[in-house]
Amino acid sequence: MAEFLPIIMFKQRSDDNQRVEGGGGDKIPGWYLQGDDLLFRSGELATGFLDGLAVTRKNPELPYLFEVQLDGDDTSKTKRSAVAGMLGDNAANEKPSIIGMRGTDSLIVQAKDEAAVQSMVDGVKDTERNVAGISCVKKVSAFRAEVDLSEAEDYKVKLVDYRNHDDNAACQRAFEKLLASEFITFFRCEYSSDLVIYDVEASPEQAQAMLDGIMGESIFSIKPMPRYEMTLDGLSLPNEIPDIKTPESEEYPTLGILDSGVERIDHLQPWLMEEQWSTYPDNEQDRSHGTFVAGVALYGDEFEHEAWIDGLPAMLFDAAVFPNPKVVGGVKESEIISNIQEALEYAHDRALAWNLSISGVGPVKPNEFSDFAVALDALQDKYGILICKTAGNSLAFLRGMDKEPLAKGADSVRCLTVGSVAHEAGTYDQASVGEASPFSCIGPGPEFIIKPEVSHYGGNAGVNPNTSEPTVSNVHSFGIDGKGAESAGTSFSTPRVSALAANLDFALDDESDALLVKALIMHSATFTDGKLIAPDEKVKELGFGVPASLPQILSDNPYEATLVMRGTLAKGEKINIMDFPMPHSLIRDGEYTGQIVFTLAYNPILDASQGGEYCQSDIKVMFGSFEEKVLRDINRPTILNEIGRTDTLNLLLDTPYSRKRLKEAEGDFALMERMLVEFAGKYAPVKKYAVDLADLKDSFKKKVGENRLWYLQLEPLFRYNIEQMALRTGEVLEQEFCVIITIRDPQKQAPVYNEVRQLLNYHNFEHSPIKLRNQVRVHIGG
């Protein structure tokens, strides 16, 4: 048996902690308006504020609200600061002027009275001091609510967030009082601490009266309340089923199932916790979907005769959050979220990993995160859990149309979103094995964040050209009668990943947390279709690919080493490791060789009021080689760090690589792992790169010469909004992160694992093999 080589945890040294240095110059930016263009824009903006001031107000006690449309969606801190300064928004004010965003290019601005509006008018007229702010703004208009009064039984109402607790509370009380006075039934649901939604039972005429009434100016949006349905498009069949597993020890992984309920059939009964949760009586439940999901989580490998997860079976907590829609009708979004909240309040400590194979109604928007996603993010932050969430299914392939975007909820930043991959290909199936299933919704998420992050095997489908009927290659599980059943969908790829997450949490024991588990899964993922397609295209459909099995994630081979670094970065700090342990055994013919897989995952600060700028923090990452360390003059005002680098090469950019070599398909790495995605969203909560030094341009080969040194640098970034909020509250802005780096010899000869550990010792890094439960070490052969 080969020696078990666990992945390695390490920490930066105290000398690796540095301060962020400022920069910039005095040159006037090219985007500044000048001359007549500046004067014309200034006049238009002033007119926009004055027109808003002239509108007859229904409630003089409410502040004036304006929508300030930015000129483009450039959200740089310099430009945002210029606009804020022009509008009198600064941390010294008791209440902010800029209170939110709509999408990525419109600010929501409040002014408490006419004098405050006039002050803003004066600001946009000042073409000497505010040329930057004026140049950044395209248009100013009175704020208008988003309105959709399509025929519905009830409406989803969102009020304006004034960014002040007392003001929001007063507005909510007044709105609720108004509804009560009109005998309108409503349900208040806190999707998160910053997002309160009202489920209002009203006719379209009553909804319009709300908009026209005294509280109409406080309504941010009013739309029909989404209603969800869940179906299991499969049959109970007398096919082969695995032998029943029974617990043989006291401890196993634990997994929560947020679904339609799990039937206690013989195969599942030993693994279902005694406790369960539901607000619905038995006659209002249809446990078909939840039972199928639970069967995949527990017996997925056995049903498909594969070792895709290769983990231990998990004890399941059954939370029936979705009723039988045939009995109760379509289920309202607010009800689903309330159920999930109550279930997790009761049982969040039962498991770190939770499976949610329920998708929201409608596709995600490109520049706005869904309320469903915001609610799921808040729950994961509150309880420190990881929800594995389906990407959603689409039937567009039946009509010969392109795949549809992710379903709402799949855009949750904290969730691990899962797409579906074809495990087999029938005669008329549209996908080859390893390709995205035809029904799997595609990314990216809002603001180009990577969604789904991973995919797993959930079936295949197509259309029989002779009959025009759909064909399906199903995956297998159980029906509520305990017999074998089959179906297809992202609902059934997701529990494979959930089971893997539960196993990782169990294996890591005290070292486990949601971010580390999520990062390990994403880091291990590869593409399995054997086709050389641009990573940007693959990522839209598959995320980073199909995760490896539990043993593969937790262990290395002698010719590779995986390093894991956890930490927290505060504003103004950065990590600059200038003795990164790149093994000398990878030097061949005077140059470093090797393959590097690099994953950065972090939980960005979130703010639901900021529209497309929901993610309020980021981490800038650099990794590569440099010529030498140099002493720097810290007496100069812009230099804060005594030690620096010369001739730095960042291997995480595409510039150093040969386009011709990147198009070649030689070996598994090119087909399965190579990843140089251009992250269009700067504030992307996960970044992954996989590069081969053999793909460097000849002109860059000297920059990986044998005498070069290696570095890793991480620097946090924070948006203007959250920086101003922190100044008001005194909060210290911090960003938690997880970096995972695998260094590999493609020739499988160099003793990379041992040499990396030796270099960590030599450079005095604190490090240790990752600690695993004995039960897991035995299972995976360690």
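The paragraphs below lead from the whole chain to some of its strands, loops and single residues.

This is a predicted model, in which local features need pLDDT of at least 70 and side-chain atom pairs count only at pLDDT 80 or more, while totals for chains, interfaces and linings use all residues. Residues are numbered from 1 along each chain as its sequence is written, and side-chain values use heavy atoms, with hydrogens and water left out.

The secondary structure of the chain comes to 19 helices and 41 strands, where helices (H or I, at least four residues) and strands (E, at least two) are DSSP runs, numbered from the N terminus. The chain has a radius of gyration of 28 Å, close to the 28 Å that the globule rule gives for 782 residues, so the chain is as compact as a globular protein of that length. The radius is taken over C-alpha atoms, and the globule rule is 2.2 Å times the number of residues to the power 0.38. Along the principal axes, the C-alpha atoms fill a box of roughly 80 × 75 × 55 Å.

Of the 782 residues in the chain, 59% are buried; buried means under 20% relative accessible area, exposed over 50%, and partly exposed in between (1.4 Å probe, protein chains only). The accessible surface of the chain is about 32600 Å², and 47% of this surface belongs to carbon and sulfur atoms; such areas come from the Shrake-Rupley method with a 1.4 Å probe, and for residues only the protein chains shown count as cover. If we look at contacts (heavy atoms within 4.5 Å), those between residues at least 6 apart in sequence join residues at least 24 apart in 81% of cases.

We can now turn to the strands. Five of them form an open sheet with mixed pairing, in the order S8-S12-S9-S11-S10, where two strands pair if DSSP finds at least two bridges between them. At the edges of this sheet are strand S8 (146-147) and strand S10 (186-192), each of which pairs on one side only. Within the sheet, strand S9 (residues 154-159) and strand S12 (residues 219-224) run antiparallel and are joined by five bridges, and lysine 158 has serine 221 in S12 as its bridge partner.

Another strand to follow is S21, which is mostly covered, since six of its six residues are buried. Leu416, Val418 and Ser420 are buried on one side of S21, and Thr417, Gly419 and Val421 are buried on the other, which leaves both faces covered. Strand S20 (residues 386-390) runs parallel to S21 and is joined to it by three bridges, with threonine 417 in S21 as the bridge partner of lysine 389. S21 also pairs with S22 in the parallel sense, over four bridges, and here valine 418 stands opposite valine 454 in S22.

The loop between strand S21 (416-421) and strand S22 (454-457) holds proline 444, and the peptide bond from glycine 443 to this proline is cis, with omega near 5 degrees. Proline 452 has its place in the loop between S21 and S22 as well, and a cis peptide bond, with omega about -5 degrees, joins lysine 451 to proline 452.

Two other loops contain residues with a positive phi. Aspartate 310, in the loop between helix H7 (288-304) and strand S17 (315-320), has a positive phi of about 55 degrees although it is not a glycine, and this aspartate is partly exposed, with a relative accessible area of 31%. Lysine 748 also has a positive phi of about 55 degrees without being a glycine; this lysine lies in the loop between strand S40 (734-744) and helix H18 (752-762) and is exposed, with a relative accessible area of 56%.

In helix H17 (residues 720-729), the residues Tyr720, Asn721, Ile722, Glu723, Gln724 and Ala726 are buried, and their cover includes H2 and strand S39 (709-718). After H17 comes glycine 730, whose phi is positive, near 80 degrees. Proline 96 is found in the loop between helix H2 (77-86) and strand S5 (98-102), and at 5% relative accessibility this proline counts as buried. Leaving aside residues up to four places away in sequence, proline 96 touches Asp89, Gln110, Arg163 and Arg728.
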